[in-house]
Amino acid sequence: MRPVLAFLAVISFASADSFDCRHCEKHLLPQPIKLVAGRKYARDRRIDIMHIKLDVTPDFAKRTVAGTTTMKFKPIALPLEKLELDAVDLNIAEVKTEGAKVAEHEVTHEKLVITFASAVAPDAEVTLIIKHSAQPEHGLYFRTPEMGYKQGDTQVWSQGEAELHRFWFPSYDYPNERFTSEVICHVPKGMTAVSNGTLQSEKPGPNGLVTFHWLQDKPHVNYLIALAAGHFHKLEDKAGKLPLALLVPPSHEKQAANAFADTRKIIDFYEKEIGVPFAWDKYWQVYCLDFIAGGMENTSCTFEAAGMLFNSDTEELRTLHRLDAHETAHQWFGDLVTCRDWSHLWLNEGFASYYTILYEEQKLGADAMKYSLWLEAQEVFGANDMRPTVWRDYSDPMQQFDNRVYPKGAWILHMLRSQLGADLFRKCVKTYLERHRSGIVSTDDLQDVIEEVSGLSFDQFFDQWLHHGGVPEFKVDYTWDSAAKMAKITVRQTQKLSEQVRLFRVPLPVSFAMAGQKEPLRFTMDVSQEVEDFHFTLPAQPVLVRIDPDYTVLAKIAFTPPGPMLEKQLSSDMIGRLLAVRNLNHSHIAKLGQILREDPFHAVRAEAAKMLAKLEEPESRAELIQSSANQKHAHARREVVRALASLHTPESRETLWKMAQTEKNPDILAAIIETWGARPGEAEVSAALKKHLAGTSYQSTLELAAIKALRAHDDESAAPLVLARLQQPHDLRGRDIGTAFDALAFLTRRPTNTNRDAVRDFLGEKLSDPRRDWRIAAAKALGTLRDPKALGLLDLTLAISGGDRIDPVREAAAKAAQDIRASLESPADLKNLWDRVQQLQKKSEDQAKEIEALKKKPQTAKK
C-alpha cells in the first residue's frame, strides 16, 4: 500500500477511549502494534514453556535495558522445526541452545524466528539462551531526573498487559501458556529491585551494582511477569503468615499509609468469601510514577499509579480501597486462573470488578454495595454498546478493556449470584478456581461448573448476556383492579432488536408493599416476550409497587410509581429513594430540600442537589443555598458545588465564594475554583486565581484548577503567569499536563498576542520531552495555538516518529498540523504549504521504501 502522510490523514488510535474504568483504568494502556482485521482466536501452542529466566541490567541514564533470556521448553505433540517468539525493536546479539542445534535465527519486524538444524522431537527438553538489548518505548518505562522527575524518585517498571513485554525481552507474549519464572536484576547501590515470587538473594553484583534475584515457582502467564527497580519508601504488614508490603516513591512517603489501610482486610475477606487461600508467596504493591494505567495485577506484586495517592484532607473523595480490592481480586481471577484469549477477558476483569463490589459491602455496608452496582450500571447504559462481552472481532486486545468486561461483567456475576443464592454461587466459584487452578479458562469452563454444581441449565443466560450484546430495556406499566383485587403489570421490551441484540428472558422481581404489613409481597415475572401482562391477586391495593426491588437485574427500567406511591418510595431503600428523587418535579421542591439535608445516604442527597439545580426555580435555588453549609459527606458537598455552579446567579456565586474561604478539602476547593471561570473581569476573582496559581498543593490540584478557570476567562494577560508556572517545578500528573498545555495555548492563540512566540517555543521544546504524555500534550496544544510557525516543528515530529506502528505522538502532531492548515486562509500560504506537503510526501515515500527494504533483509545468524 502506498504510504500516506500522517498529517494528511489522522489515524485513529485503537483504544477504549470512551470507557473509564473506575478502578484499574486499563483502557489507558497502549497497544502500539496494528493487528490484522478479522475475528481473533487463541494461538496454537507448539511448545510447553516450563521456565523463563530474565537476567537484566537497566541503564537509567540511557534508558536502555540489556540482558539474557533463558527459556526451557518442550515441543508438545509435533516435531518443531521452527520457533517464533515475539520480539519488537530488540537487538538480538546471540542465540544459543542446549538440547538442540540452531541452524539460523532471523529478526523480523515483530518476531525472533529460530530455525533448528533438525526438528526437535515432542517432549525433548530444550534450553534457549538469548542475549538482547533495547531502548523500549513500551513494556518497560523509566522515570528519572533527566526526564523531569524528582531527585531520589528514580524508577523503572514494567507493564506487560496486554502484549507489551515483547518490547524488552523475547517471549511467547500471549495468555494461553503458563510457566514459572525468575527475574535477576542488577541495579545501582541503594536501589531496590522487585519482582514476582520470593527474593532468593540480594548481593553485590558486577560493575559495582547490586543483584536482586527473584523466583516465582508457581506458573503464570507472560504478561504477569513484573520488574520494578529504583528508590522506594516501604511499609510492611502481614495477613496471617502472608508477607505484605507497600512501596512508594520517597517523595510520596506521607501518603503511603492511606494506600495500605485495607490490604490485609481485603485478603482476609477474599479468603473467606472465595474459599480458596491466597495462592502466592507474598503480596507487595509498588506505586509507580506516571504509571500508564491505574493498576496491574502481576502475580504477588501489583503495580499501581502513584498519581492516585492522596492526602487525608480529601476525605471520602479519594480512597484506594477499591483499586486495592480490584487488583487483589485479580490474584485469584486473572492470575490463579487466566483467560485463554482476549475474547474471554471478562473472566479476569468482570470477577475483579464484582469482588471489589462485594468488598464494598464488607467495608461500607449494603447501601454502598448497591450504589457501586448503580454506578456500574450507569457505565453500561451510557456506553450503549451492542457488542457481546465475549467478542472476537477486536482489532487489538485493548478494545476488549471496556464497559462490556468491567461493569457489565460485574453485573453478569451479580445476576448469577442473585439467581443462585450467595452460598451456591460461592460453591460454584470455589469449584471453578480449584478445578482450573494454575490453568487457562474460557467462558464455557465457568458455565460448565455452574451447571454441574447447581444442576440448572444456564445456556440461555450465557448466550444472551455473554455471546450476544446489549441490555434489556423495559417499559413497565401498573394498574389496579379493585373489584378483582388484582394488580396488573405490563412489561414491554423496547430495546432495538438486531442480530446482536435479541429479546431477553429475565426473571424480573416485583414487590407489593401492603398497608400494615412490615414485609412486602414478592413475586418473579418470567419476562421473555416483546409485550407481556402479569397478574397478581393481592389482599388489598398496594401502597407501593417496586420493580426489581433488590436490584438484581441489569436493565433499563422505565417505571414511574403512580400517585402517592412516589412519596412512599422516598422512604424506602436507598435505590428506591434514588430512583424516586429522579422523578420529582416542581411540586416537590421543599421535599427535595429536605432530602438534601436529611437523607442518610450521600448519593441520594447528591441526586437531590442535581434535581434542585435542574428545576431552575427561585425556591429550588434557595434550597440549594440553604443546604450548602451542612453537607458533611464530601461527595454530597461536591455535588452541591456543581449544582450551585450551574445556576449562574449572584446568590449562588456568593455562596460558592463563601464556601471557598472555609473549605479544607483540596478537591472540593478545586471544584469551586473552576467555577470562577464563569466570572471573568472580576478583580477579586482574578486576584484569587493568580494566588492559587502561584501556590503549592499536592499533585498541583489547586494550580490546575486555577489554570482551567483562567482559560475559561480567555484573559490573554494571564498567559505569562501560566507559562511561568509551568516552567517552574511542579508535580502535575502526566494525565493532567495536557489540560495545562492546552490552556496555555488557548490563551495565546490570537496572532496579536505578544507571548505567542514564547509559548510556541516552550511547547516546541516539549515535543522532544522524554515523557510521552508531555509530547502528546505539546503536539495537541500546538494545534490549539494555531500558529503557522509551529508547522515546521510538527512536520519534524512526524518525520522522526514511529514507523508504521500506532504512535499517539505522531497522531497528535498530525491532527495539530491538520488543524493549523485548515485555519489558514491565504492562497499564497496554502500554495507554499502544499509545496512543502509534496516535498514531505516524497520524503515519506522514500523512507517507507527504505523501511520495507530493511524488513526484507532480516538479521540472520548461522550456527
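Tutor: Arg143 stands opposite Gln155 in strand 9. Strands, like helices, are DSSP runs numbered from the N terminus, where a strand is E over at least two residues and a helix is H or I over at least four. This is a predicted model, in which local features need pLDDT of at least 70, side-chain atom pairs count only at pLDDT 80 or more, and totals for chains, interfaces and linings use all residues. Residues are numbered from 1 along each chain as its sequence is written, and side-chain values use heavy atoms, with hydrogens and water left out.

Strand 9 covers residues 155–158, and Gln155 lies in it. Its pairing with strand 8 (residues 140–143) is antiparallel, over four bridges; two strands pair if DSSP finds at least two bridges between them. Strand 9 also pairs with strand 14 (residues 227–230), again in the antiparallel sense, over three bridges. In that pairing, Ala229 of strand 14 is the bridge partner of Val156.

The side chains of strand 9 point two ways: Gln155 and Trp157 one way, Val156 and Ser158 the other, and all are buried. Buried means under 20% relative accessible area, exposed over 50%, and partly exposed in between, with a 1.4 Å probe and protein chains only. Gln155 has a relative accessible area of 1%, so it is buried.

Not counting residues up to four places away in sequence, Gln155 touches Phe60, Tyr141, Phe142, Arg143, Ala229, Gly230, Phe232, Pro249, Tyr287, Cys288 and Leu289. With Tyr287 there is also a polar contact: a polar atom of the Gln155 side chain lies 3.3 Å from the backbone oxygen of Tyr287. A polar contact is a pair of N or O atoms within 3.5 Å; within protein, one must be able to donate a hydrogen and the other to accept it, and residues adjacent in sequence count only if both atoms are side-chain atoms.

For a residue in a loop, take Ile76, found between strand 2 (64–75) and strand 3 (80–86). Ile76 has 33% relative accessibility and therefore counts as partly exposed. Leaving aside neighbours within four places in sequence, Ile76 is in contact with Arg45, Arg46, Ile47, Asp48, Pro122 and Asp123.

Definitions and conventions
Contact = heavy atoms within 4.5 Å.
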